[in-house]
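Colleague: I would like to learn how to read a model like this one. Could you take me through it feature by feature?

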Amino acid sequence: MFRKVQKNNVSWTVVNGLDDCILENLYPRLNNFSASSELSVVKNNNARTALFFRPEQSSNEQLFVKLYKKGKLGHKLKHILVPSKAFSEWKKLRHFNKIGLASPKPLAFSERKRFGLLGESCLLIEAIPSASPINKYLKKNDLESEKKRE
């Protein structure tokens, strides 16, 4: 199933079988992704950073990381009642895997809280390098169907 792991003052929920060394100093590397050869940025905006991550310990395994950034006070207060995006996605992906729906395997998630308020949260999932984002897939198929109509 999964277990709780404490790494560098961050509490992680991790699937059994994942090497804990991968989580070592992950947050500092994610926040300074331009200086790390292990990380390749897919998307970076005010809300989140999405990256491919190739841990040093595992040269052929590639993971996908979503770092949900600190929000403003209202955003932090909301998460007293509402789960973080990382937790929500973790839960949904576990459910999809359980019912046999093709989806990446969730490996770990964490939430950094201070005084009960959510700061950053992080989701680590298996990477599917050949996959394309659904918005690009839909846009491409929509353009192809328009060309066929013409």
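Modeller: Start with the surface. The protein exposes about 9800 Å², and carbon and sulfur atoms supply 53% of it. Keep in mind that this is a predicted model.

Colleague: What share of the 150 residues is buried?

Modeller: Buried residues make up 34% of them.

Colleague: How many helices and strands does the protein have, and what pattern do they follow along the sequence?

Modeller: There are four helices and seven strands. Read along the sequence, the pattern is β-β-α-β-β-β-α-α-β-β-α.

Colleague: How do I read the contacts by sequence separation?

Modeller: Take the contacts between residues at least 6 apart in sequence. Of these, 43% join residues at least 24 apart.

Colleague: Where is Ile 125, and is Ile 125 buried or exposed?

Modeller: Ile 125 sits in strand E7, residues 117–126. Its relative accessible area is 6%, under the 20% cut-off, so Ile 125 is buried. Beyond four places in sequence, Ile 125 touches Leu 63, Phe 64, Leu 93, Pro 104, Lys 105, Pro 106 and Leu 107.

Colleague: Now the aromatic residues. How many aromatic pairs does a search of the whole structure find?

Modeller: The search finds four. One of them is Phe 2 with Trp 90: the ring centres are 6.0 Å apart and the planes stand at 85°, so the pair is edge-to-face. Phe 2 lies in strand E1 (residues 2–7) and Trp 90 in helix H3 (residues 85–98), so this pair ties together parts 88 residues apart in sequence. Phe 2 is partly exposed at 37% relative accessibility, whereas Trp 90 is buried at 2%.

Colleague: Why is the pair of Phe 87 and Phe 109 called tilted?

Modeller: Look at the angle between the planes. For Phe 87 and Phe 109 it is 55°, with the centres 5.4 Å apart, so the pair is tilted. Phe 87 is in helix H3 and Phe 109 in strand E6 (residues 106–114), 22 residues apart. Phe 87 is partly exposed at 28%; Phe 109 is buried at 7%.

Colleague: Which residues form one aromatic cluster?

Modeller: Phe 2, Phe 87, Trp 90 and Phe 109 do.

Colleague: Which residues is Thr 13 in contact with, leaving aside neighbours within four places in sequence?

Modeller: Among them are Phe 2, Trp 90 and Phe 109. Thr 13 is found in strand E2, residues 10–15, and is buried at 4% relative accessible area. Its side chain makes a polar contact with the side chain of Lys 4, at 2.9 Å.

How values were computed:
Residues numbered from 1 in each chain as written. Predicted model: local features only at pLDDT ≥ 70, side-chain atom pairs only at ≥ 80, totals over all residues. Heavy atoms only, no water. Helix = DSSP H or I, 4+ residues; strand = E, 2+ residues; numbered from the N terminus. Buried < 20%, exposed > 50% of the residue type's maximum accessible area, 1.4 Å probe, protein only. Polar contact = N/O pair within 3.5 Å; in protein donor to acceptor, adjacent residues only side chain to side chain. Contact = heavy atoms within 4.5 Å. Areas by Shrake-Rupley, 256 points an atom, 1.4 Å probe, with all protein chains shown as cover. Phe/Tyr/Trp six-rings, centres within 6.5 Å; stacked < 30°, edge-to-face > 60°.
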